[in-house]
Amino acid sequence: MDTNKIKFDPINKIWSGPTVTYPYGNQSVGEIVFKCMMQNLDHVCQISDDSGETYTNERALREAISFANALKVKGIEKGDKIIILMHNYHYLLPTWLGCAVAGVILCPFYFTDSSVKAELCELIDQIKPKLMINSYLDAVEMFRSVFDQINIECPIYIYENQLPGCFDLKPLLENYFVNYQEFQPIKIRDPETELFVIVLSSSTTGKPKLINGTHAQLLSQTLGPFSNFVFASTMQPGWHSELILLFIILIKSCTRVIRAHYTIDEFLMMLEKHKVQFIYIKPKDIFQMIKSDVIHKVNLDNIKIIGSIGEHMSVKMASELQKYVPNGIVLSCYGISDVGGALTERSELTGFVHQLVGKVRKGFDFIVIDHEGNRLGPNKVGELGVRTSIKFPGYYRNEKLTQESMTPDGFFLTGDLGYLDEDGNVFLIERKKFNIPYQGKLLNQGDVERIVLENVKGISAVCVVDVESDQHGMIPYIAVIPEKGVSLSESIIIETVMKHHPFEFETKVFFFNSLPMTISAKFKKHLVRAMIMKKMNDESQK
């Protein structure tokens with residue numbers, strides 16, 4: 001009997017991945033990672049390509065223990081929350097690790113120029129953090145103003161601080177160390193209910209949500225053949241995937257190679273220099289990578305796996321990148337922060353298959369439902385639902401939203417349209433909200449975006465949104481950021497889209513210097529839509 005085979009229940013229409021035993025009992029993330037790192041204190045767990053700082057397990061634990069003890073001295077206890085708004089500097093590792101062993105709840109944020117103060121006030125008022133660690137110096141005044149407005153005391157710590165009114169993080173990482181044998185990581189009672197992290201949703205279509213993440217959720221993501229890889233990623237520390245990746249690396253004796261700031265050319269050179277084997281990357285970065293002259297000059301023979309996450313990667317883009325990775329594979333991955341991370345694993349299907357994002361992962365169940373809630377069988381398109389053996393912890397202080405997101409038998413409704421075949425391969429079409437009903441057909445925003453990116457030269461980024469029209473109902477409008485110094489033609493872009501799209505449709509193209517982004521570096525479509533409508537209104541009044 002094949003124990004790795006995915007089973008399909010034709011009566012209940014459920015695809016079930018192979019069962020997996022959770023091996024960590026009631027231990028906390030801090031206990032597990034501390035034990036694993038103590039087994040080899042000389043192992044190099046992190047290399048900072050830009051600063052040259054290198055961390056062994058010994059150095060990482062020393063600074064993390066110091067930080068954990070410093071928090072205790074400052075009155076911060078198990079279950080208190082700390083906002084961490086940081087670039088991928090070397091000291092991010094001991095800071096996150098220190099929170100883990102101290103039992104302090106991590107709240108990783110990401111800041112963009114389009115971050116909305118009202119949204120930050122609402123989120124932070126719910127979290128009520130006891131401390132903030134920040135490397136975004138231009139965001140300090142914004143967060144001070146937020147703390148004042150909601151009337152909370154939240155000191156801001158900055159590494160080697162020089163800003164008045166803020167505090168220096170560096171002494172917390174250096175001055176409070178005790179002997180390893182004297183330090184005990186925090187213990188917990190129930191890893192399925194006790195929070196380890198609170199993360200933000202990507203908020204592409206509305207306000208961000210606060211997502212609970214438990215110890216068991218994070219530890220379950222570390223189950224897999226990850227040992228001894230050299231990892232790199234283009235994800236920001238505000239992404240849930242970057243948090244998961246860091247703790248996989250610490251538990252599985254891997255090494256992460258990082259840069260706090262980088263261009264895609266610097267990232268490519270970093271991959272060659274450090275012989276990186278495993279990469280997590282956004283499709284937008286893949287697009288920039290295959291356009292770079294540097295990719296023709298670097299040797300990427302050491303790469304084993306490139307995993308594309310966050311958005312769709314087209315077959316054309318994957319095929320182009322594969323040319324430069326002779327000894328590795330390029331994969332589309334599927335995961336959701338709400339459920340704790342990756343939902344699929346590598347499929348046995350060969351070659352690049354349109355919309356394939358892997359097969360049902362071990363320990364997970366999938367369903368597909370139509371708009372009336374009826375379950376669908378193989379190769380029928382509907383909304384994907386997923387259930388795991390680890391309890392879904394829901395949204396922070398939002399039981400109503402938690403219940404609305406679940407079926408009575410415990411499936412989380414993803415909001416993604418897709419289907420599964422008989423063998424449990426998962427095919428992702430798009431977010432439900434990103435499909436536009438147009439003259440009796442469904443028009444996919446992501447398809448239009450990929451057509452523009454892949455076929456029009458001089459495009460830095462593109463975002464398609466739906467805007468209401470008296471004639472056609474909802475129609476897609478195209479927002480484009482041209483590359484610096486490039487002049488683009490609306491008519492050529494529209495002509496190119498119609499040439500490659502399955503059917504023609506009404507549209508317009510709008511050019512911008514920048515567009516608002518989410519914490520996960522996706523476009524805030526509701527704000528992009530507002531920008532387009534403002535530009536249309538301004539043009540109509542001329």
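Contact here means heavy atoms within 4.5 Å. The legends below describe a predicted model, where local features need pLDDT of at least 70 and side-chain atom pairs count only at pLDDT 80 or more, while totals for chains, interfaces and linings use all residues. Residues are numbered from 1 along each chain as its sequence is written, and side-chain values use heavy atoms, with hydrogens and water left out.

**View 1. Domain 1 meets domain 3.** An automatic or database domain assignment supplies the bounds: domain 1 takes in 1–20 + 262–431, domain 2 spans 26–225, and domain 3 runs over 439–541. Take a look at the meeting of domain 1 and domain 3, where 13 residues of domain 1 touch 13 residues of domain 3. Their C-alpha centres are 26 Å apart. Buried area, the accessible area (1.4 Å probe) that two parts lose on being put together, summed over both, comes to about 1,100 Å² between these domains, with carbon and sulfur atoms giving 50%. On the domain 1 side, K284, F287 and K316 lose the most area to domain 3, together 37% of what that side buries.

**View 2. A salt bridge between K291 and E483.** A salt bridge is counted when a side-chain nitrogen of Lys or Arg lies within 4 Å of a carboxyl oxygen of Asp or Glu. The rule finds one across the interface of domain 1 and domain 3. For the salt bridge of E483 with K291, the closest N and O atoms are 2.2 Å apart.

View 3. Strands (E, at least two residues) and helices (H or I, at least four) are DSSP runs, numbered from the N terminus, and two strands pair if DSSP finds at least two bridges between them. Follow the antiparallel sheet in the order 1-2-21-22-23-24-20-19. Its edges are strand 1 (7–9) and strand 19 (344–345), each pairing on one side only. Within the sheet, strand 21 (residues 364–369) and strand 22 (residues 382–388) are joined by six bridges, and I369 has E383 in strand 22 as its bridge partner.

**View 4. Strand 27 beside strand 28.** Strand 27 (residues 459–469) and strand 28 (residues 473–482) are antiparallel partners over 10 bridges. Here you can find C463 opposite A479 of strand 28. Nine of the 11 residues in strand 27 are buried (under 20% relative accessible area, 1.4 Å probe, protein chains only).

Terms used: Buried < 20%, exposed > 50% of the residue type's maximum accessible area, 1.4 Å probe, protein only.
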